[in-house]
Amino acid sequence: MAQRNLKRARVRAPGDGDGEGAGPASAVRPGRQVHLPNYETVALMLQGGGALGAYQAGVFQGLYEAGIEPNWLAGISIGALNTAIIAGNPPGKRVERLLQFWETICQPAFGPPLPAFIEHALFNSGDALRKAFTATQAMSAIVEGQKGFFVPRFPPPLPTVSGPPQTASYYDTAPLKATLEALCDFDRINSGETRVSVGAVNCGTGNFAYFDNTHTTLRPEHFMASGALPPGFAAVEIDGQYYWDGGLMSNTPLYEVIQSTPRRDTLAFQVDLWSAIGPVPDNLTDVQGRMKDIQYSSRTRLVTDMLQRSQRFRHVLREVLERVPSDQRDDPWCKLADDLACSKRYNVIHLIYRHKEYEGQYKDFQFGLSTMREHWQSGLDDIRRSLEHPDWLDMPDNDAGFVTHDIHRDSR
């Protein structure tokens, strides 16, 4: 994407450009084209969250419509799978392939889905019926799996019977590998045109690992490992080591991107599927859902605050060093300070999926097509609203060289 070195980000609307789309069911339309300041890195960071990941696809559609093309894609779990689809296709095909991926995995593994008009009618009925209907879809995922994603092992594994690590799970994800191979060009992923990083946990060492195309040739297994959440999904073997879902340790790639070296002026879109902020539950079903929110939100804002404080120290240290006479720069303490100091600037645009009233504790494995479209539309709406604030895209000019923005936080 061509970038112009502007003092301030500007937004212009080609033609009418303001009509609201209808999410994934509508054709992608050119939106307000955004011209960014000269950021060295434009990163899209995608959290894990199962079926909620369609929200991330909506966010990506909004970025594409605005002409924003990230040069670093980083994901964990379902975020890693979305990353594979985006990085594995040319820009003009990415939204189409994301839709193909989501429309595939949101169908039952066996047998035809409900006719569209029946699903639409049930999903858009009253709250009680909608809750019952979506709960039925979640139960279907447990019983029969999802097309092109996972299927139950038969016979089911016995808890105390040992076998190869890659079979120690309730579901087989072989269909997912076939789906990724069909929808992704792994030569493109490894070409280096876009940096790609996905996180997983080494089962044997307990250490977190990032698979990155700057030093690893990425295969379907790397993306599958990032989403191998036990005991549903088995560990994935890569070069003699076994890996599980990165969300077991950290469900967001934010720290990896912001702390990478060499440091670069960075605009980062952090797309989260779990909100740390939420209502206090008053029944056992909601308790389980709230537990997931807290567990998998990964305290993104806490991490952001910590990174902001760290960058402020580096930024202030750089300004202080600029005031040190040149004949004192050879002092060992000045050299150490010079290594720690940093004048780079970071801007984090935070987008967080918001829990819907009808959703239960099963929202991460409720793969209904209507629900998927609503998640997608929510992401599209949120990124469009965020881009209505062109000043949010400016290079930070505060003493920290670090800013964050979030439409949900800033609108309260």
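## Ground rules

Throughout this report, contact means heavy atoms within 4.5 Å. The model is a predicted one, where local features need pLDDT of at least 70 and side-chain atom pairs count only at pLDDT 80 or more, while totals for chains, interfaces and linings use all residues. Residues are numbered from 1 along each chain as its sequence is written, and side-chain values use heavy atoms, leaving out hydrogens and water.

Let's start inside helix α8 (residues 220-226), where H222 is found; helices here are DSSP runs of H or I with at least four residues, strands are runs of E with at least two, and both are numbered from the N terminus. H222 has a relative accessible area of 1%, so it counts as buried (buried is under 20% relative accessible area, exposed over 50%, partly exposed in between, with a 1.4 Å probe and protein chains only). Apart from neighbours within four places in sequence, H222 contacts V198, F211, T216, T217 and I238.

## The chain as a whole

The chain carries 14 helices and 13 strands. Its C-alpha trace spans about 75 × 55 × 45 Å along the principal axes. The radius of gyration is 22 Å, which agrees with the value near 22 Å for a compact globule of 412 residues; this radius is taken over C-alpha atoms, and the globule rule is 2.2 Å times the number of residues to the power 0.38.

Of the 412 residues, 51% count as buried. Among contacts with a separation of 6 or more, 75% come from residues 24 or more positions apart.

## Two helices side by side

Helices α3 (residues 94-105) and α13 (residues 369-387) pack with axes 10 Å apart, at an angle of about 145 degrees. For the record, axes are lines fitted to C-alpha atoms, for helices over the stretch in contact, and angles run from 0 to 180 degrees between N-to-C directions.

On the α3 side the contact involves V95, L98, L99, W102 and E103, and on the α13 side L369, M372, R373 and W376. By class, these residues are 7 nonpolar, no polar and 2 charged (Ala, Val, Leu, Ile, Met, Phe, Trp, Tyr, Cys and Pro are nonpolar, Asp, Glu, Lys and Arg charged, and the others, Gly among them, polar).

## Aromatic rings and charges

The whole structure holds 13 aromatic pairs: rings of Phe, Tyr and Trp (its six-membered ring) pair if their centres lie within 6.5 Å, with planes under 30 degrees apart called stacked, over 60 edge-to-face and the rest tilted. One of the pairs is F150 with F367, an edge-to-face case with 6.4 Å between centres and 65 degrees between planes. F150 sits in the loop between α5 (127-144) and β5 (151-152) and F367 in the loop between β12 (346-352) and α13, so the pair ties together parts 217 residues apart in sequence. Both partners are buried, F150 at 6% and F367 at 5% relative accessibility. They also belong to one aromatic cluster with F149, Y171 and F233.

Charges meet rings as well: the charged end of R130 sits over the ring of F123, 4.3 Å from its centre, and that of R195 over the ring of W72, 3.9 Å from its centre. The criterion is NZ of Lys or CZ of Arg within 6 Å of the ring centre and within 35 degrees of the ring normal.

## Two loop residues

N89 lies in the loop between α2 (78-87) and α3 and is buried, at 6% relative accessible area. Beyond four places in sequence, N89 touches R94, R97, L183, C184 and R188.

P231, in the loop between α8 and β9 (236-238), is exposed at 52%. P231 contacts A168, S169 and Y170, leaving aside neighbours within four places in sequence.
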